[in-house]
Amino acid sequence: MALMSAAELQEGIASLSRGAYFKEASLDMTFSLLAESAARVSGIERVSIWALTDDLRELRCLELFERSSGRHSSGGVLSAADYPEYFRCLCEASGIAADDAYRHAATAELVGGYLPQHGIVALLHTPIYIRGDLQGVLCLEQVGSRQPWSMVHRLFAQAVANLVTLALVEYEAEEARRKARGADERLKLLFELSRDAMLLFDSGSGCVFDANRQAENLFGCRRSELVGRWRRQLYRLPAGQDVDAVFVRPAIEPVAAELRRADGGLRAIAITTEEVEVAQGRRLALEIIRPS
């Protein structure tokens with residue numbers, strides 16, 4: 001089958017870009033959809049997505065779609081020890097476009113194994129970057145007969161590589177959100193079940209963000225009456241020390257103070273603090289209050 005025309009590829013780029021793969025599917029499914037769609041849109045036999053290991057020594061195939069058989073697979077490995085020139089070109093160039101993979105300088109090393117093993121005669125390998133770092137490669141590969149790669153093919157490959165990058169970035173963001181939710185849930189459980197009185201303060205303003213039940217008991221008022229109050233309204237330090245100045249940094253060693261109860265009484269306490277990060281990167285000061 002001949003490669004798609006320039007007009008068809010341009011429409012294919014627009015069609016792929018309109019897709020919402022990275023929002024509606026798992027990462028593996030997104031890669032499968034992208035590889036298959038790219039192959040069917042372009043008429044290219046093999047489309048694959050590879051990840052570069054952190055030590056830059058291996059490329060590992062995450063997804064391969066072969067158009068003629070409709071087969072999906074993964075698991076192949078290319079080693080820098082076996083193909084040093086190919087890895088060097090991939091890391092230093094903007095991509096590898098080999099109209100004749102057997103004669104191109106960057107892919108000649110692959111003649112000993114990868115190319116004949118899969119019947120590849122021409123290839124277009126486009127780097128995948130995240131935040132400026134090389135993370136992998138998108139491979140478009142012709143099998144059997146070959147045709148020269150046009151500028152539109154290169155633009156098409158770059159568009160698909162960009163979609164892979166978006167999918168990876170969205171996956172990382174969702175993983176970060178999931179971990180943050182888990183951390184929030186663990187913090188909330190610890191916060192509520194603790195035997196110690198605890199207050200959560202906004203680190204910047206010194207305003208109470210939350211209070212647990214033990215804090216309600218210690219202050220003699222409801223949580224809703226504590227939330228929104230300032231630290232300086234709740235504590236009194238010896239010798240007229242400035243409360244906000246003392247707690248501008250986490251207090252690992254206990255700080256002696258007096259707590260102002262709702263009934264007007266004072267109670268001697270010791271306060272330790274630590275900084276915690278909650279959802280969306282917000283940082284709060286967790287203060288643990290123990291009667292002296």
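**View 1. The hairpin of E6 and E7.** Strands E6 and E7 form a hairpin with two residues between them. In this turn sits arginine 131, whose phi is positive, at about 50 degrees. Strands, labelled E, are DSSP runs of at least two residues, numbered from the N terminus. The model is predicted, with local features needing pLDDT of at least 70 and side-chain atom pairs counting only at pLDDT 80 or more, while totals for chains, interfaces and linings use all residues. Residues are numbered from 1 along each chain as its sequence is written, and side-chain values use heavy atoms, with hydrogens and water left out.

**View 2. A look at arginine 131.** Find arginine 131 in the loop between E6 and E7. Its phi, near 50 degrees, is a positive value in a residue other than glycine. Arginine 131 counts as exposed because its relative accessibility is 63%; exposed means over 50% relative accessible area, buried means under 20%, and partly exposed lies in between (1.4 Å probe, protein chains only).

**View 3. E6 and E7 side by side.** E6 covers residues 120-130 and E7 covers residues 133-143. The two strands run antiparallel and are joined by ten bridges; two strands count as paired if DSSP finds at least two bridges between them.

**View 4. E1 alongside E7.** Strand E7 also pairs with E1, which spans residues 46-52. Six bridges join E1 and E7, and the two run antiparallel.

**View 5. E5 alongside E6.** Here E6 meets strand E5, made of residues 96-98. Three bridges link E5 to E6, again in an antiparallel arrangement. Look for alanine 97, whose bridge partner in E6 is leucine 124.

**View 6. Leucine 56 in its loop.** Leucine 56 lies in the loop between E1 and strand E2, which runs over residues 58-66. Like any residue you meet, it has a backbone angle called phi; for leucine 56 this is near 65 degrees, a positive value in a residue other than glycine. Leucine 56 counts as partly exposed because its relative accessibility is 43%.

Key. Helix = DSSP H or I, 4+ residues; strand = E, 2+ residues; numbered from the N terminus.
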